[in-house]
Amino acid sequence: MEAVIVDSNRTMVGTSAIMESISSAVNGKEMTDVRFDPTAVVSEPVPAVAQSDDVDDLVNGGGGNEEEKREIVLGRNIHTSSFSVTEPDIDDDSTGDKEAYMASILARYRKTLTDRTKFHLGYPYNLDFDYGALTQLQHFSINNLGDPFIESNYGVHSRQFEVGVLDWFARLWDIEKDEYWGYITNCGTEGNLHGILVGREVFPEGILYASKESHYSVFKAARMYRMECEKVDTLLTGEIDCADFKVKLLANKDKPAIINVNIGTTVKGAVDDLDLVIKTLQDCGFSHDRFYIHCDGALFGLMMPFVKRAPKVTFKKPIGSVSVSGHKFVGCPMPCGVQLTRLEHVNALASNVEYLASRDATIMGSRNGHAPLFLWYTLNRKGYKGFQKEVQKCLRNAHYLKDRLIGAGISAMLNELSSTVVFERPKDEEFVRKWQLACERNMAHVVVMPSVTVDKLDHFLDELVEGRSMWYKDENVKPPCLASDIGSVNCCCPQHRMIS
C-alpha cells in the first residue's frame, strides 16, 4: 500500500502575524503583538495532492488494483497553524499579558468559526440551533460511564435524560422498553462499531457484508475485529446490489451473515432496500437465527420516519441494531449519536464492573454526559411534528438545488428519500475548500440540512456558475463526465448533452 504524503511545508495565507505572535509567546513575554489581528479570518490554502488507496486494501490489508488508485486532495497540515501551549511567566498574574493574549486568540478563532459556518454545504450538520438554556450546566463534569440503565457510584451523571432519549428512539423504531438496550454514543462511527461488534459476538464465525459505498467506519470495524468482509457492488444510485449480494451469500452459505444496511450512503445518500435485503437472505436459505442486520442510519435514519411512503426501519423486522448521529439532522453542537439493539443480543458482550458498580457493554468507558442533555432538550422542543416540518423543508430545498443545477447545464443527481445532491466536482480546489464540499472522484455533493436556506443555495449556485465560466472558457477544457457515477440521464457533459 502506498503511503499518503502531505505537503507539510505549505503555510496558510494570512497566518504570518499569528505565527510571529505565538513565537513571541514562546521566546519572551511580549504577548500582545500589534501585528496580531483578532478580527481577521484565516483563509485556507489549496491542500496537497496524494495517492488514494483502493478500498480492498483497507479491508483486506493490501493487494489493491493499481488502476483504481487515483490522486486525492488531502487537507492542510495543521502544524503550520497550530496554537502553541506555553508556560506562564512569573509576573503574568499581575500583568495580565497571558490572559490578553489568549483572549485575542479566542476572539480570532470565534471570528473564523463564524465565517466558515457561513460557507458550509458539503457535510451533514444542522447548524441551526440554540442551546442557551443549557449553559447553566456547563460548569459540571457530567459523565455517564458504564451502562445507561444502571447507576454507577459516580453521582454527577445524566442517565435520567439519556434513558428518556433512548425511549423516544425506541418508540420511533417500534421496540418495547423491556426488549431493547442502547446508549448515547460519541459519534455515528461508534454506533457502527458497536452494532457490528454485537453482530460479531452473536455470530463469532459470521461474515460481514457491506456495500462498497458504506461508510468507512464499517470497513474499519472489519479490520478492528479481524472479521472476514465481503464488499458488495452497488447500483448507480449507490444502494446495495442485491443480485451481487445473493451471489456472495451463496458462496458462503456455511457461515452466518452479518449485514450492514445503509439508511443513506455517505456520498450519494442512497437508502438500501431493507426488505429486499431480508428477502435475499431468506431466498438464500438464511433463517432469522443465522443473520444479524445492523442499520447505519447516521443521517437519514432520523429523517426517513417523517417521509411519506418511505419504507420503515423498524424492529418489527428481523434487524439487530440501528444507529444514528445526534450532531447531524438533530443539530447537537458536539459529535454524538444513538445506538439501539435488542436486549437479548447485548448480553453476549456485557460484563459487570465492580469499580463502576455498573455494567460494561459500551465501546467507550467514560461517556459525555452533556450530549444526552442536548438531545433531550431538542427532542422536547421540536417533537415529531417539528422534525417532520424540517424534513419536508430539506427535501424541498434539495429538489430546488438539483433543478437549478440541471438548468445551468451541470450534471446532478438526487436520490429518492434523500437531501444529498450529487453534482459535478468543481475544478477549482479553492472553491471546494471555501464551500467545504465533500468530494469523491468526479463527484461533489451538498447535503441540504435545516440550516441551509434557499438564499444560501442561490449564493452557492451563482458562484459555481461564475466559476465554471472561468474554468471552462478554454474550449479544450471540458467538464467531467459523470455518467459512470450517476447515470447518463443525469450527466450534462458535452457528450451526453448532445445525445439528450
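Analyst: A close look at the sheet

Strand S13 is largely enclosed by the rest of the structure, because five of its five residues are buried, where buried means under 20% relative accessible area, exposed means over 50%, and partly exposed lies in between (1.4 Å probe, protein chains only). Helices (H or I, at least four residues) and strands (E, at least two) are DSSP runs numbered from the N terminus. This is a predicted model, in which local features need pLDDT of at least 70 and side-chain atom pairs count only at pLDDT 80 or more, whereas totals for chains, interfaces and linings use all residues. Residues are numbered from 1 along each chain as its sequence is written, and side-chain values use heavy atoms, with hydrogens and water left out.

S13 belongs to an open sheet of four strands, which follow one another in the order S12-S13-S15-S14 with antiparallel pairing; two strands pair if DSSP finds at least two bridges between them. The edges of the sheet are taken by S12 (412–414) and S14 (438–440), and since each has a single partner strand, one side of each is left without a neighbour in the sheet. From one strand to the next, the twist averages 25 degrees.

Going through the sheet in order, S12 and S13 pair in the antiparallel sense over three bridges, and the bridge partner of Met-413 is Val-422 in S13. The hairpin made by these two strands has five residues between them, and in it Leu-417 takes a positive phi near 75 degrees. S13 is also joined to S15 by five bridges, and these two strands run antiparallel; here Phe-423 stands opposite Ala-444 in S15. S15, which covers residues 443–447, pairs in turn with S14 over three antiparallel bridges, and Cys-439 stands opposite Ala-444 in S15.

Helix H11 (residues 371–407) packs on this sheet, where it touches S12, S13 (420–424) and S15, and its direction makes about 155 degrees with that of S12. The axes are lines fitted to C-alpha atoms, for helices over the stretch in contact, and angles run from 0 to 180 degrees between N-to-C directions, while contact means heavy atoms within 4.5 Å.

Leaving aside neighbours within four places in sequence, Lys-393 is in contact with Pro-450 and Val-452, and its side chain reaches the backbone oxygen of Pro-450 at 2.7 Å. Lys-393 and Met-449 are 56 residues apart in sequence, yet 8.5 Å apart in space, C-alpha to C-alpha.

A polar atom of the side chain of Arg-425 lies 3.0 Å from the backbone oxygen of Arg-441.

A word on confidence belongs here: pLDDT, the predictor's confidence in each residue from 0 to 100, averages 87 over the protein, and 85% of the residues score at least 70. Over residues 38–42, however, pLDDT stays under 50, and the model has 16 contacts for them beyond four places in sequence.

Notes
Polar contact = N/O pair within 3.5 Å; in protein donor to acceptor, adjacent residues only side chain to side chain.
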